[in-house]
Amino acid sequence: MSNYETITNWFVDLQALIMSEPEYAPLRALFPVEAERMRDHALASRLHERAIQVIITTYNVEVERLMIGAIGRLQRRQLGLGLPTDVDEARAMAIAGALDEAGHAPLGSVNAPAVADMRAYLEAQMVDPGDDRPLCDLAAAKDANIAQYPMAAVVGCPHFAAIASDPTTIAAVAHHLGALPTVLGYTAWWSFAGRPEAREAQFFHFDLDDYRICKLFVYLTDVEADSGPHIYVEGTHRPAIVAQARRAWAGGEADFDAWYLQRLRKSDAEVEKVFERQTAILTGPAGTTFLADTRGIHKGLLPDRADRLVGQVLYGVTPRIQEALEPLDLGTPATAHVPDWVVGTPTLDYANRLFLRPAVLPRQGERP
Ligand SMILES: O=C(O)CCC(=O)C(=O)O
């Protein structure tokens, strides 16, 4: 089955659950269509994007919980999926606990030879220097604040899919999100040092990619306080903390909403004053990995002294249509670095299905 059909069926089946199960009736106001209408991808995307917006902008935790419940039920009962096997469950729970509480959690380190492989691979790829400029060599992008690698190139980066698919990490993310994750993006980018001012994600903001999300970061350069650490305002992914800040806001709730929901980029002083929460400065040598629930307030600090190269995996709960719609087949030159086990069980295959597809083995009697 093509990726397109798999995604279509997922949305149709979820909609059928919403329409048929009484407990999901409150979701119907957001999804007032028959299940079959979800075959229209544009409609499915529009309805889900709108639902995410409504949930966030109305702080409707109950509807979010119902949606996660429906997705979990689809995964368990219809798709027959469970948590991955070969999991260090105590560790998965500890990681999920830190994510639930603070919003970020350290993971194990990637070893030096693997970091060197990833870096060498990425340095040989073209980058997007932003500002509508064409893809170029890394050297030609160094006047930008940030140069991003195209997603299709990052998927084939050595070790990356294996890091993203580690069963204990997938289990921890599943515990935190409340449903099995789907990888929604592979990204890697350079943040260059010495730029006069911060740009885009170098200002505080929060992400809205899905009903619930979590990102895995892999530092591929040494990251110290002056070389562009990820900065995370602890607890700000929790609706209760946001609600508390909203109640305490001197200008009233509408004014808070205008700042929190409509102002994409937020200043350090504003964030500090509004949330009064501990700020984590996530430093570490090349190979450091961690998870962050970027529904919370965060940014990548503008590096002062040294450039930073980071890889990132985005986990969500719905299979949103991707820039690279068709997954890459394993066993081809583009995925030469990706081990088979990352799609070797139903749950890992599900997590990776937007980007990676098991190699099609030649049928008996067919020539390879
Ligand atoms: O560069 C960073 O550490 C921040 C990344 C970020 O803002 C994001 O992934 O949304």
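Here is a walk through this structure, from the whole chain down to a few single residues.

Keep in mind as you look that this is a predicted model. Start with the big picture: the protein chain holds 12 helices and 11 strands. Its radius of gyration comes out at 21 Å, close to the 21 Å that the globule rule gives for 368 residues, so the chain is as compact as a globular protein of that length. Of the 368 residues, 39% count as buried. Now think about which parts of the chain meet: among contacts with a separation of 6 or more, 84% are between residues 24 or more positions apart.

Domain 1 covers 3-78, and domain 2 covers 89-357. Taken over C-alpha atoms, their centres sit 25 Å apart. The two do touch: 20 residues of domain 1 are in contact with 21 residues of domain 2. On the domain 1 side, the elements that give two or more residues are helix 1 (3-20), helix 2 (41-57) and helix 3 (61-78). That side is made up of 11 nonpolar, eight polar and one charged residues.

What about the inside? The largest nonpolar core has 89 residues, and V183 and L291 have the most contacts inside it. Both domain 1 (3-78) and domain 2 (89-357) give residues to this core, so it lies between them. Leaving out residues up to four places away in sequence, L291 touches I95, L99, H104, A105, L107, V173, C214, K215 and L216.

K215 is part of the ligand's surroundings, together with A201, D207, H230, T294, H298, K299, G300 and Q312. Which strand gives the largest share of this shell? That is strand 8, with three residues, 298-300. By class, the shell has one nonpolar, five polar and three charged residues.

Now for a loop. H337 sits between strand 10 (328-329) and helix 12 (346-352). Is H337 buried, exposed or partly exposed? It has 17 other C-beta atoms within 10 Å, so H337 is partly exposed. Its contacts beyond four places in sequence are with G156 and P158.

Most residues other than glycine have a negative phi. D131 has a positive phi of about 50°, although it is not a glycine. You'll find D131 in the loop between helix 5 (112-123) and strand 2 (146-148). With 9 C-beta neighbours inside 10 Å, D131 counts as exposed. E276 also has a positive phi, near 45°, and is a residue other than glycine. Look for E276 in the loop between helix 11 (268-275) and strand 6 (279-282). E276 has 11 other C-beta atoms within 10 Å, so this residue is exposed.

Methods. Residues numbered from 1 in each chain as written. Predicted model: local features only at pLDDT ≥ 70, side-chain atom pairs only at ≥ 80, totals over all residues. Domains from an automatic or database assignment. Contact = placed C-beta atoms within 7 Å. Helix = DSSP H or I, 4+ residues; strand = E, 2+ residues; numbered from the N terminus. Nonpolar A, V, L, I, M, F, W, Y, C, P; charged D, E, K, R; others polar. Rg over C-alpha atoms; globule rule 2.2 N^0.38 Å. Buried ≥ 20, exposed ≤ 12 C-beta atoms within 10 Å, placed from the backbone. Near = placed C-beta within 6 Å. Core = buried A, V, L, I, M, F, W, Y, C linked by C-beta atoms within 7 Å.
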